[in-house]
Amino acid sequence: MNLLAEAVGFGLVTAAVIALAAVGLSLQVSVTNFVNFAYGDFMTFGAYITYSANVAGLNFFPAVLVGAAGTGLLGVVSNWVIFRPLVKRKSRTLVLLICTVGLSFIVQNAMVLIWGTNSDRYTVSIGNALHIGPFLFTPGDLILIAVAFGLLALLHIFLQYTRFGTALRATSNNSDLAQACGIDTGRVITWTWAISGLFCAVAGVGLALETNTLRPALGFNELFVIFGAIILGGIGRVYGAMLGALIIGILTEVSGMFADPAYKGAIAFAVVVLVLLIRPQGLLPSRGRSA
Amino acid sequence: MLFFVLDLLTLGAINAIMAVGLNLQYGQAGILNFTYYTFIAIGAYIAAVTTLGKPTLTGGVEQYVLQWRLPWPLALLLAGAVAGVLGLVVVLIVIRRLRSDYLAIVTVSIGFIIWNVITNYIPLFNGSNGLFAVPYILNGATVTPIEYTLEVLVVSVVVLAACLWVARSIFRSPYGRVLRAIREDDVVAASFGKSTTGSRVWVFVIGCIMAGLAGAMLVFYISAWNPAGFLPQESFILMAAIVIGGPGNYWGAVLGTFIFIELLSEIERFLPNVGNGAAVGAGRAILIGILLIAVVRFRPDGLIPERWLRWYKTKGPLPSGPASGDPPHLVTGRRGPHRLWGWALSRGKS
Amino acid sequence: MLEIEDVEFAYGGSVAVAGCTFSVEQGQVTGLIGPNGAGKSTLLEIIAGGLIPSRGKLVFDGVEIQGVGRAKVAQLGIIRTFQTTRELSRLPVLENVVFAAPNQTGENVLASLFRRRSWAAQEAQLRVRAEELLEWVGLTRLREEPAGSLSGGQRRLLEIARALMAEPKLLLLDEPSAGVFPAVRQLIARRIREIVAQGITVLVVAHNMAFLAEVADDVVVMAEGRVLRRGPLEEVRADQAVVAAYLGGGHVGGTS
């Protein structure tokens, strides 16, 4: 049983990182209606900016803030330059998707040019593992879980209890209607990219810390795990993404107990495929109606 | 020099087979398959393990399945068939939700998983070391490299011609028209009684078969294959290439692949080694990314658009007056009970 | 021809269609009118198979059609046009029309690859018929143009030609005259009468009273999801309950 508890513990940490990433992506998808395939690269970008800020002399946490700001900026600029003109022309989702692929090429390879392909490391380490109850955590793990929890809670409060959060939810539900009600959807979209970038960057830093590597393809390789979480929760549903992340995180680690750990990702995704076959709209109760 | 040109043409032909397959799936049917390269890889692996026979003990121990020694034409067909079956499995998984972003996500993820499994499960295809010393086709073992290149070129061109014939036949048929309609607006297509899922399953499978054939030809040519050859990014690059070239037009797809997959890779060889070793490859990818966004923005149908493929002639000179008076017969009796396969033609007056 | 029995549809918290019951008679044009939010478009969508009602039945020619889906409904002979035109914008006008024909033998993989002869003759016939339809609505000159480049009125005519290509038994027209010039509106009205003269039943949702006066034999008024009144247009327009439903005073309808 100890091993199971430990696995669940690891699962929580994994879930924390995935949740941050998946929520950021879900938020963006729910408002803009297309999936950003460069998201993994945005995560890596956030991690690298943090790294450079850290190396340049900032302490770690301020460096993370810089990373978050940088990624948010990247998202906002991408939207301004690339996506907004296309949305204005009523381009199809397919077209916007292809654009995000192009963006992925640019961002990922720009990072190769700037930082090189060697693996970098943060100067901060996550510390040594301690036994806390039945679980096995490092201080870094705990901080990560706490940060994830805190950010998600803040997001929840923001979405449900502030005016801007309500505007955001309205836009994601029906942007034409929201606009007709006087909501400045352009501003909502811009801020959504910024917030999504924030979550994305923190997730990227968390990922780099947990895997103890920092390479240009870091975030890209995690894409399918994040997608798995989103599929489980339903595309575009923020709370679903949290649930999906939790399930995938724990499933991944627990399955490592029974099978070769190299296949953790494959097993977790097999579960996602199963859900796809049985309930394609995701695990949360649906709110739509069509035939 | 001759070798270089022949090499270019051979790889060009093989890449063109891939392009035609992807043109069918994405260009004609609008299905976003972001893991096309996985099917190419499966084709390559199947072709390899059905011709390699037992592993030799020299040069380390290889592990892989099947270990058959079939004649290469059979291996080629098997490669296409297995890729097609895998394609059928994939499409059946996503069949209940064929919307584009959903498909994109799921196909990418399936690609990652398969890559993951192949790399880690060594008994399958020898993991990350991959397979090598795949036997030559025809009489390749006894001829010079240039002659072998020529032989592979000829076979590839034959396969390419067959694939082009398939793509063209589909395009110029009512089936192709249904695919285009579903691609443009699936609600409208359904509102006129067309079966949206059924039509698309087959075109997806055919596209995957072509991927398998291309993979087999590739492994026959370069005699080796390993996971580094089909990283998920490769599928994205292939997709980008045909989007720029003109996805809806199979010639556009071929052109796109030729320029971006092949030409740019070859040019890389001649450029000086700038910065760190990966800089040139990175530069190429950035260029493709920028071009992709630019094409999508300013010339969305690609360099060679679909509308250049006009396939029917319309009757007579165009009248220029206002709408003529008499209405045509609107009920010709052609509608009858709807037949699933439509073999019978109900006769009507017109 | 089409019986709608006690159909109900709710979306989220609101009920769009509630206990709606009426029938569409064969061989005439039935108008469907009502103030905004009355549920007309929702009902049309339900008939066309795009939505599944939470309660009730729809019987077409003796067959129950609720929940069977768009494709099956179309195969049974119910063809629709859309409130905002949904033409296949990148495809040529002619293709837009030919594609709509039912029972095309060439529409499967094997036929496209190996049995060209089985559908070549049919294809030629279909093209001739499509060209006739285009001529009838006055779009012959534009047959090679991508459908998206047409004007609003031309697109409405295209949708009608396309719908007719499908040889409907029941034609559902969703605001076919909205946003077009009066001259085109009259052309559309004339064409609809010609369609009915050949035995096709029409159900048309419209707001423009002048248009309805030219076109409809009988009118059903919906308000708040149910049927309010039914009868010839003149009677219905003067009915107090109908007037109240629209504006709470003043006469019904206008010339928009």
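**Ground rules.** I number residues from 1 along each chain as its sequence is written, and I letter chains from A and number ligands from 1 in the order in which they are written. Since the model is predicted, I take local features only at pLDDT of at least 70 and side-chain atom pairs only at pLDDT 80 or more, while totals for chains, interfaces and linings use all residues.

**Entry 1: chains A and B.** I looked up the contact first. It takes 38 residues from chain A and 35 residues from chain B. I call two residues in contact if their C-beta atoms, placed from the backbone, lie within 7 Å. On the side of chain A that touches chain B, helix 3 (60-88), helix 4 (93-115), helix 9 (218-233) and helix 11 (264-278) of chain A each supply at least two residues. Helices (H or I, at least four residues) and strands (E, at least two) are DSSP runs, numbered from the N terminus. Helix 4 of chain A gives the largest share of that side, 16 residues. I then sorted the side of chain A by class: 30 residues are nonpolar, eight are polar and none is charged. Here Ala, Val, Leu, Ile, Met, Phe, Trp, Tyr, Cys and Pro count as nonpolar, Asp, Glu, Lys and Arg as charged, and the others, Gly among them, as polar.

**Entry 2: helix 10 of chain B.** Is this helix enclosed or open? I find 12 of its 14 residues buried, so helix 10 of chain B is largely enclosed by the rest of the structure. A residue is buried if 20 or more other C-beta atoms lie within 10 Å of its own, exposed if 12 or fewer, and partly exposed in between; C-beta atoms are placed from the backbone. The buried residues include Pro232(B), Phe236(B), Met239(B) and Gly245(B). Just after the helix, Gly246(B) has a positive phi of about 125°.

**Entry 3: the core.** The largest nonpolar core has 297 residues, and Ala19(A), Ile17(B) and Met217(B) touch the most other members. Such a core is a set of buried Ala, Val, Leu, Ile, Met, Phe, Trp, Tyr and Cys residues joined through C-beta atoms within 7 Å. I followed Ile17(B). Leaving out residues up to four places away in sequence, Ile17(B) touches, among others, Val159(B), Cys163(B), Met210(B) and Met217(B).

**Entry 4: an open sheet in chain C.** Four strands run in the order 2-1-4-5, with antiparallel pairing. Two strands pair if DSSP finds at least two bridges between them. Strand 2 (14-24) and strand 5 (63-64) of chain C stand at the edges with a single partner strand each, so one side of each lacks a neighbour in the sheet. Seven bridges join strand 1 (residues 2-11) to strand 2 of chain C.

**Entry 5: strand 9 of chain C.** Five of the six residues of strand 9 (residues 218-223) are buried, so it is largely enclosed by the rest of the structure. Four bridges tie strand 9 to strand 3 (residues 29-33) of chain C, in parallel. There, Leu32(C) stands opposite Val220(C). Five bridges tie strand 9 to strand 10 (residues 226-231) of chain C, antiparallel. In that hairpin, with two residues between the strands, Glu224(C) takes a positive phi near 50°.

**Entry 6: Ser172(A).** I place Ser172(A) in helix 6 (residues 163-173) of chain A. Ser172(A) counts as buried because it has 24 C-beta neighbours inside 10 Å. Ser172(A) touches Ser30(A) and Val31(A), not counting residues up to four places away in sequence.
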